Amino acid sequence: MLLLSTLRQGLPRLDLHLPAHGRGRGLAPGLRQLLRQRPGRWDLPELPEIGGPLEPGGAVAADQAESARLCAADRCWFGVNGASGMLQVALLALAKPGERVLLPRNLHRSLLHACVLGGLRPVLFDLPFDPATGLWLPPSPDWLLRRLEQAPTLAALVLVHPTYQGLAGDLQGLIAVAHHHGLPVLVDEAHGAHFGQPGLPMGALAAGADLVVQSLHKSAGGLAQSAALLLRRGRVSEEAIERSLLWFQTSSPSALLLASAAAAFAHRHSTAGARGLSRAIARANELRQALERASLPLAANQDPLRLVFHSAALGINGLAADAWLLQRGVIAELPEPGCLTFCLGERPPRRVRRLLPTQLNQLRQALGGPALLPFTPPPIPALMEPELTPGEAWRLPHQTLLLEQALERLAAEPICPYPPGIPLLIPGERIDAARLEWLREQRRLWPGQIADTVKVVA
């Protein structure tokens, strides 16, 4: 029972990682009250008074309707399989087997799984790249327009808003371009359930998205695995969504996780929730100013609750920075070669303003040096449709080869999966010389992340 023992420990550390509730500090008040009751009281089946996400009556249906109203959505469905499950539900509601869907290279891997399960044909488009940080940037409407003009016939478009690191672009403009081309838009807003509030970028629904998936533990006060799918009527079949929900959600959903979703939405849109978010942003801005005064470099982003430490500017690989900080009780969320992302969450720890600048300054003294050389973007085509569908590539016989032996072979699994990292190759794509050479270089920057071998179609 090692897991039970680990969960019971109150480790003295600075938690700057997900879930956003920060080990309970930022849980929605209604959920916190429920968890104070006798353990297990909330572990109930779909009794008539409770219902479920697809039931017409009961508490869940009422809470979903209220959450839709709060979000200015036409429909809302709660999910207990995380944003991953809801992204799969949404994508399969948008496209039929054999149809093409346009996906960004920073897609969550659950969308690839949906393509496998639904027999969809993914078409991937590239993204702008910042060589100083090594981060992918949101595309502009003109960037997307050029890709759409080259693309084959499509059934839908998926966008990510914001990115894992809190980067957000002109979502309204991007959606307008897609709608002009007759495409419904699914927005992966897993990291942006708090967007649309004062001091934050526009939320996806307000920007015109047709379907929006939110993770209520990544960017709200819910428990892990609680998520929601929001619908704007007009371009998407509600019947298709509910049919997909039957395929991708358990028939015995956790009442606790359903209550978590309801409580997270209610708190986010309450007066108390708005005040709490405002306090969190103020504390985050104070921390950011303290780091800037100490000449500790940060990468620019649009979400103040995601702090992106630009380690490369100090000559430090983000993975090395993460390992150094872990030994000193500072737990970040996402290490990358050029950056280290901290999630401040719904209620940033009070001691973060004092401790993090001190620890990062000590990190600079211990490991710092001349800035790292600019990062090279992977040689990804502007638009790429795999030669085989991911489903075909995954199901065909495969073999494992050394990376150096895989030239011109078809990938049988994602290479450099996200998160972390952008999928350089997805199943069915051919391993060309340029990408093979780039991968060999990346093994130096991502120790332990990129394997020496790769699975290819036999």
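Predicted model: local features only at pLDDT ≥ 70, side-chain atom pairs only at ≥ 80, totals over all residues.
I looked up the lining of the second largest cavity and found twelve nonpolar residues, four polar and no charged (Ala, Val, Leu, Ile, Met, Phe, Trp, Tyr, Cys and Pro count as nonpolar, Asp, Glu, Lys and Arg as charged, the others, Gly among them, as polar). A cavity here is a set of points on a 1 Å grid over the protein atoms alone where a 1.4 Å probe fits but cannot get out, and lining residues have an atom within 4 Å of a point. Numbering runs from 1 along each chain as its sequence is written, and side-chain values use heavy atoms, with hydrogens and water left out.

Among the residues nearest the centre of that cavity I noted Pro 138, His 161 and Leu 174. Strand S7 and helix H7 each give at least two lining residues (DSSP runs: helices H or I, at least four residues; strands E, at least two).

Next I traced the open sheet: eight strands, S2-S10-S9-S8-S7-S3-S4-S15, mixed pairing (a pair needs at least two DSSP bridges). S2 and S15 are at the edges with a single partner strand each, so one side of each has no neighbour in the sheet.

Last, I checked Cys 115, which sits in helix H5 (residues 109-118). Cys 115 is buried because its relative accessibility is 1% (buried is under 20% relative accessible area, 1.4 Å probe, protein chains only). Its C-alpha is 9.5 Å from that of Gly 98.

Methods:
Buried < 20%, exposed > 50% of the residue type's maximum accessible area, 1.4 Å probe, protein only. 1 Å grid on protein atoms, 1.4 Å probe; cavity = no way out; pocket = protein on both sides within 12 Å on 5 of 7 lines; lining within 4 Å.
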